[in-house]
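The tour goes from one selection to the next.

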Amino acid sequence: MFIPAAQSAYRTLRKTQPRVRLNALLKNGYSSKVEYKPIRSVLVANRGEIAIRVFRACTELGIKSVAVYSEQDKMHMHRQKADESYIVGKGLPPVEAYLNIPELIRVCKENDVDAVHPGYGFLSERSDFAQAVIDAGLRFIGPSPEVVQKMGDKVAARVAAIEAGVPIVPGTDGPVTTKEEALEFCKKHGLPVIFKAAYGGGGRGMRVVRKMEDVEESFQRASSEAKAAFGNGAMFIEKFIERPRHIEVQLLGDKAGNVVHLYERDCSVQRRHQKVVEIAPAPRLPIEIRDKMTEAAVRLARHVGYENAGTVEFLCDESGNFYFIEVNARLQVEHTVTEEITGIDLVQSQIRVAEGMTLPELGYTQDKIVPRGYAIQCRVTTEDPANDFQPNTGRLEVFRSGEGMGIRLDSASAYAGAIISPYYDSLLVKVISHASDLQSSASKMNRALREFRIRGVKTNIPFLLNVLENQKFLHGVLDTYFIDEHPQLFKFKPSLNRAQKLINYMGEVLVNGPQTPLATTLKPAIVSPHVPEVPLVTEPPKGLREVLVCEGPEAFAKEVRNRKELLLMDTTFRDAHQSLLATRVRSHDLLKISPYVAHKFNNLYSLENWGGATFDVALRFLHECPWERLEEMRKRIPNIPFQMLLRGANAVGYTSYPDNVVYKFCELAVQTGMDIFRVFDSLNYLPNLILGMEAAGKAGGVVEAAISYTGDVSDPKRTKYDLKYYTNLADELVKAGTHVLCIKDMAGLLKPEAARLLITAIRDKHPDIPIHIHTHDTSGAGVASMLACANAGADVVDVAVDSMSGMTSQPSMGAVVASLQGTPLDTNLDLRTVSEYSAYWEQTRTLYAPFECTTTMRSGNADVYLNEIPGGQYTNLQFQAFSLGLGDFFEDVKKAYREANLLLGDIIKVTPSSKVVGDLAQFMVQNNLTADQVLERAEELSFPKSVVEYLQGSIGIPHGGFPEPLRSRVLKDMPRIEGRPGAELKDLDFDKLKKELQESHSCVTNRDVMSAALYPQVTNDFLNFREKYGPVDKLDTRIFLTGPKVGEEFDVPLERGKTLSVKALAVSADLKPNGIREVFFELNGQLRAVHILDKEAVKEIHVHPKANKSNKSEVGAPMPGTVIDIRVQVGDKVEKGQPLVVLSAMKMEMVVQSPLAGVVKKLEIANGTKLEGEDLIMIIE
């Protein structure tokens, strides 16, 4: 390389008059007269990073640079990096614009251009282009047209290699243009063979064929690709060498016949014959083989009269034999690694040679060219390695590069806001590392790639990182099978991309409104609830959980029974907000207060925080994982037992499941942090109850069997559910092995006197079993009833913190605590602590205003003793009534609920049986039906699905049997289930379910599989949502529900030590033609913009439909591209794997195959249709 003084002297020399040197006459076309003529301007007949690479060399040499660009590239960086730029190929397809030789010559002539640099690809190996440049009186920066023609013709190149004594691989004598010729060669010489474009390289139009039946299709595809890339579809065929290394030698020659090599590069890391990673020099290549190979390359170059830069490519087998492949009579993409190890600027050298300077004048004699260290080049492309490396297009929303010592970046489109189009190669940036040895160079490359942040398009960086960490690669043990034989290279840890996904979510909310349905028009309060402080550096005090963990469930139950004080279970984390706020309280707000609860309420019996409706609501409406909620709460509250609601054989669902699903669910729940299972059945149906008890017990949990309470044991006229009914049930549950016995008063019907009678009767029969009472305060008598239970011998009662208590929730914690102070049953809780806890929830509750029960319910109501609506259902039923337009008739709904219950046989009412009653009640009100009319018209009415399934026996058998004649009239000849509904269900195949999920989603965990076993579609929707929008549970509740206000600044803590700083800047008022609005944010001080489809506005605009990923019948475009061949029509029968459509993009063709067997129902495309990724192609039924 020139030092600055030499650079200055060189520029001075360039300004002198042309001069002539006399040299000895040489063979092979070299000139005996070498004329030096400085170049003052260079046009680069190319685009992208190679154009910029040449411009930079020109600038350093004081030469004017001139760019050309297509219409599609008018915003591309390469035109902006040049001193001048001119459009070419108006009206032509994108690639053809750069292949228009007459127009390129015209631009040169009109703008005083001295020389043309072809770059690589496009016209770089077209001898007619080189000749046209020279004929126009310009200089071509490359070999002579004759050499370009000879080396570009693979047959002539082979002949030259033979003449020069360079080993070759057997192949065709000339270009092959028909599939018949290809088939004939293959039959004659045998397989495997390789098809290669006769007039171009770079892996385009290259196919390896190992089966005779694939010859014709492979030839057609390869030929078509070659024609698209190089303008000629002729192919060259040769025998395929197994397990070779691909090694190429970089050459530099001048007009005087001097040729030197700049050592070799190893390009064996390839995929589909496309180089992915290149290394210089080739590791583990014996010096004697290197010397023979470089000598052969130089000998061939001299034989053909080669000048300027070029590459001779070889295949080297395991025995050290090497074979000539071809000559690339141009600059290579991977020239960078050679520059790094030799210190020679190849592009500047090309220009200097074209001016007439000789290699000795440049200081390039073979003895002075010495390799230093190792260099690696990684081609970062916009291809998705997890999706068969399909090209990905779109807008670079974020671009942050990796830099630092020993790292070089060659790029063109790598900046935020750049558009990656489907028209050209997918190369985004070349990253080059250089260090003293291969391992150090790989380490630098690894570090640099990990620093990259690219959002908006997929890249191959995860794949490159896997390559760089492979031990064989690090030790230089490479051949062209490297990628194929290391499937672990394709196991990626997906990029979290959390920040970009979250601002996409917020943009979606700002443009299209809330992404979870809001029950009312009320808005969340603008408030940040005060979280009382606790000493987080100290462990929370020990609680009852220590007994459970150390000694087991039996010892735990014994300890509970031995306690003298009344123990409390806090329902604030689950049932309280299910009753008051439609189950919508998010993990975000639960976790904030969790450390305080752990430190201040360690003597609670338990914290009810999971199961029941919270499970599916978390997935369905809050877009968060219920398992993660449980896990995170356990981390923050290690000392208090957790309790969940288990619906017996229904787990946390609304239907019956195979037994192994219930067992697996309980096992996973315990592993994730659950302790106590309150097991109940909505009909008190013992077979269902006992299955749940067995599953919870086998998992290692505390079994708390629950008797669902209805009726009134203090009323002698209510005989169906009398005291004997409950004591008999208690006997059965104790006999079945329950650790704790629970009375589940889900509607708040247990009056104080009834409580005294019931608890006394059970305590007398079972003096050693702990008794736990659950109720709702709908009537307002909850505190009185719980105190009566306590005095009658109950060990535990349920309460909710004051600001989350009352009405359909549980009785007030503060009221119970205060009432028992100074008595033998004193809870030992500090009322001031309760008040501080309550203050947090009083503020937090205002964030959930859209779901606030007080919108429709102003106070408790003793009419619950008449309608018996469970507390958790009461408010939900109210919201449903409003959504169905029955808000003004809610009193009628409540009355109808009572009638529906009696029609169905006066059943136990708790999820899912309560839903059956509620659905029938609303059906009656909507259709203005009385109970008598329902019974009379039962055979002709279309009942809700839940009612029909209940009467069939799908949730069990009610006490006293099914109501007749209603059941017979509704079901007629429908099938009926006898016995436990899940008993006959076949075990679920969890492995199969996991594989099915993995077909559609990345990073599927066993928790996701469990969720899908319970709620298949809900889980699928959740996984899609999470993949698209990220961890929305990290957002503050107001922002999650209604989005940030424009101008608002806020933080989003992702994890310990990682916090996003976000500011919402603006929503574009202008709508793009495709219905997109741009939303602007500032993220960690940097501008980010996201494009959001305006779903309301797009109704007026035609936009190509997208394929639904979760529907296998909808075939989507695997990559952006143009339809060039449609092989089926509507009505055609297709088999799985059958070719349907051929797409072309980025000079690559792809056959879209059928994902299933079926019939083509609808085509959404035509030949020439331009598609984006995931655009709908067709529907197959």
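Which residues lie on one side of β29 and which on the other, and are they buried or exposed? Select strand β29, residues 702-708. Val702, Glu704, Ala706 and Ser708 are on one side, Val703, Ala705 and Ile707 are on the other, and all are buried. Buried means under 20% relative accessible area, exposed over 50%, and partly exposed in between, with a 1.4 Å probe and protein chains only. In a regular strand the side chains alternate between the two faces of the sheet.

This is a predicted model, in which local features need pLDDT of at least 70 and side-chain atom pairs count only at pLDDT 80 or more, while totals for chains, interfaces and linings use all residues. Residues are numbered from 1 along each chain as its sequence is written, and side-chain values use heavy atoms, with hydrogens and water left out. Helices (H or I, at least four residues) and strands (E, at least two) are DSSP runs, numbered from the N terminus.

Strands count as paired if DSSP finds at least two bridges between them. Pick Arg678 and look across to Glu704 in β29, which stands opposite. Next show helix α26 (residues 686-698); with β28 and β29 this helix makes a right-handed β-α-β unit. Right-handed means that, with the strands pointing away from the viewer, the path from the first strand over the helix to the second runs clockwise.

Ser708 has Lys744 of β30 as its bridge partner. From β29 the chain reaches β30 through helix α27 (residues 723-735), in another β-α-β crossover that is right-handed.

**Two helix pairs**

Select α30 (residues 813-820) and α31 (residues 831-845), whose axes come within 10 Å and cross at roughly 175°. Axes are lines fitted to C-alpha atoms, for helices over the stretch in contact, and angles run from 0 to 180 degrees between N-to-C directions. The two helices are therefore roughly antiparallel (over 145 degrees; under 35 is roughly parallel, 65 to 115 roughly perpendicular and the rest oblique). Met813, Gly814, Val817 and Ala818 of α30 are in contact with Leu831, Val834 and Tyr837 of α31, where contact means heavy atoms within 4.5 Å.

Finish on α23 (residues 613-620) and α24 (residues 626-636), with axes within 8 Å that cross at roughly 115°. That makes α23 roughly perpendicular to α24. Show Thr614, Phe615, Ala618 and Leu619 in α23, which meet Pro626, Trp627 and Arg629 in α24.
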